[in-house]
Amino acid sequence: MHYLRHDRWDLAGITLLPGFLIFIVAALFWQGPLRQVPLGIVDGDGSTASRAVVRALDASPLIRFGGYYPGEVEAVRAVRSGKILGFAHIPAGLGESVARHREPVVRILYNGSFLTAGGQVARAAEEAVTEALPEIAANQLPNHAVPRSRVRRLAVEATPLGNAPSSFEWFLGLLIFPAVLHLIAACVCAMAIGRELKGKSLSEWARASGGVAPAMAGKMLPYVLAISGWGLVWLLYLTLARGWRIEGSIVLIASGQTLFYAATAAVAALLVAVTRETATALSASAVYAGSALAYSGATLPLNGGNAFARTWSNVLPLTHYIALQMGQVSGQAITAAVAPMASLMAYIVIAGGGALAFIMAKARRA
């Protein structure tokens, strides 16, 4: 605490920096759902029916009219150049097919690199086209009353064009900010322990502190509490300020956060004790904490991953915290949190105990 009070950069690392990052992440997801995604049109019909479909698509809040294209080749080029996310191919004879109770297919082809966005555009397009069907049928059969149930026969086929967002704020906000705080905690805790290195050894600090375990806990505690506090601020922002709802226990999530950042501090202490270099420990922290979200299984599936990816995912503390958090967000029973809580405690015991044993062994030899 004495060092924190007198070092403005170290203090900024657990006060100003997380606050600034909360502002950045909140600004990124403030809009929430997708809006005005450019969608091109390949009109193979060129009739009043196809124009009704285009008007319905353009009226959707998620879709913005991205222009007409003479064929799929030209539209695919526009997708690859980034001008549009995808395009709708309206088949020839659309109005006649609807009137004769056939099932025409409006094809939505989208950039496969944006699978979530493409899926949402396809759903929005299906809803918009379905809303346009009564108008199409009425135009085809102006003198006949057409029951609404008789004009819903239309399929929307969504196809990704290449390799591979409801609201992004709730889903990604719950994932990104804990990962950011995880990286901050790993780095500031490594620096806190690294400051005690004398001649690439912590033995002098161990002898001077008397009780190494209380000294290490006291050194890590301000960082763990500060980072955990920012994590709680983020949860309260999402739930109270933005109106999102946690079905389970927010108290359990907050407790899991504290365990998670304590586990991160224990791993940082172990890295410093083993490498005996602050720079190396910081680099290792950046590697494992910086890549943790990608390997957590929350954003990228690991079902088809190789043995290394699955093993590395299980080794990372973020994976277990995300399992606890998302389980409580979706309303899982409290018993479902026992396993991830136990895993996080194991990091504190194993990594923290390993760092302590390593330091004490060096001190005895010295």
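This is a predicted model: local features need pLDDT of at least 70, side-chain atom pairs count only at pLDDT 80 or more; totals for chains, interfaces and linings use all residues.
Figure 1. The phi angle of R276 is near 60°, a positive value in a residue other than glycine. As a rule, most residues other than glycine have a negative phi. R276 counts as partly exposed, because its relative accessibility is 36%, a value between the limits of 20% for buried and 50% for exposed.

**Figure 2. The protein chain as a whole, for orientation.** The protein chain contains 15 helices and 5 strands. It has 366 residues, of which 45% count as buried.

**Figure 3. Packing of α11 against α15.** Two packed helices are described by the angle between their axes and the distance between the axes. For α11 and α15, the angle is about 25° and the axes are 8 Å apart. The two helices, α11 and α15, are therefore roughly parallel to each other, since angles under 35 degrees are placed in that class. The crossing in which α11 passes α15 is left-handed. Sorted by class, the contact of α11 with α15 comprises 20 nonpolar and 4 polar residues, with no charged residues.

**Figure 4. Packing of α14 against α15.** Helix α14 covers residues 317–329 and helix α15 covers residues 338–365; their axes come within 8 Å and cross at roughly 150°. This angle makes α14 roughly antiparallel to α15, because angles over 145 degrees fall in that class. The crossing of α14 and α15 is left-handed. On the α14 side, the contact is made by P317, H320, Y321 and L324. On the α15 side, P340, M341, S343, L344 and Y347 take part. By class, the contact of α14 with α15 has 7 nonpolar and 2 polar residues, and no charged residues.

**Figure 5. Packing of α10 against α15.** The axes of helix α10 (residues 212–241) and α15 come within 10 Å and cross at roughly 130°. The crossing of α10 and α15 is right-handed. The residues of α10 that make the contact are V212, A213 and M216, and those of α15 are A355, L356, I359 and M360. By class, the contact of α10 with α15 has 7 nonpolar residues, no polar residues and no charged residues.

Figure 6. Q325 is found in helix α14. With a relative accessible area of 1%, Q325 is buried. Neighbours within four places in sequence are left aside in this view; beyond them, Q325 is in contact with L174, P178 and I253.

Figure 7. I246 is placed in the loop between α10 and α11. I246 is buried, as its relative accessible area is 13%, and the limit for a buried residue is under 20%. When neighbours within four places in sequence are set aside, I246 is in contact with W170, L235, T239, I253, Q328 and V329. I246 and S330 are 84 residues apart in sequence, and their C-alpha atoms are 6.9 Å apart in space.

**Figure 8. G86 and F87 in strand β3.** Strand β3 spans residues 86–90 and includes G86; F87 also belongs to strand β3. G86 counts as buried at 1% relative accessibility, and F87 is buried with a relative accessible area of 0%. Not counting residues up to four places away in sequence, G86 touches P38, L39, G40, V79, L109 and Y110. G86 and A122 are separated by 36 residues in sequence and by 9.5 Å in space, C-alpha to C-alpha. F87 and I41 are 46 residues apart in sequence, with 5.3 Å between their C-alpha atoms.

Methods: Residues are numbered from 1 along each chain as its sequence is written. Side-chain values use heavy atoms; hydrogens and water are left out. Helices (H or I, at least four residues) and strands (E, at least two) are DSSP runs, numbered from the N terminus. Buried means under 20% relative accessible area, exposed over 50%, partly exposed in between (1.4 Å probe, protein chains only). Axes are lines fitted to C-alpha atoms, for helices over the stretch in contact, and angles run from 0 to 180 degrees between N-to-C directions. Angles under 35 degrees count as roughly parallel, over 145 as roughly antiparallel, 65 to 115 as roughly perpendicular and the rest as oblique. A crossing is left-handed if the near helix is turned anticlockwise from the far one by less than a right angle, and right-handed if clockwise. Contact means heavy atoms within 4.5 Å. Ala, Val, Leu, Ile, Met, Phe, Trp, Tyr, Cys and Pro count as nonpolar, Asp, Glu, Lys and Arg as charged, and the others, Gly among them, as polar.
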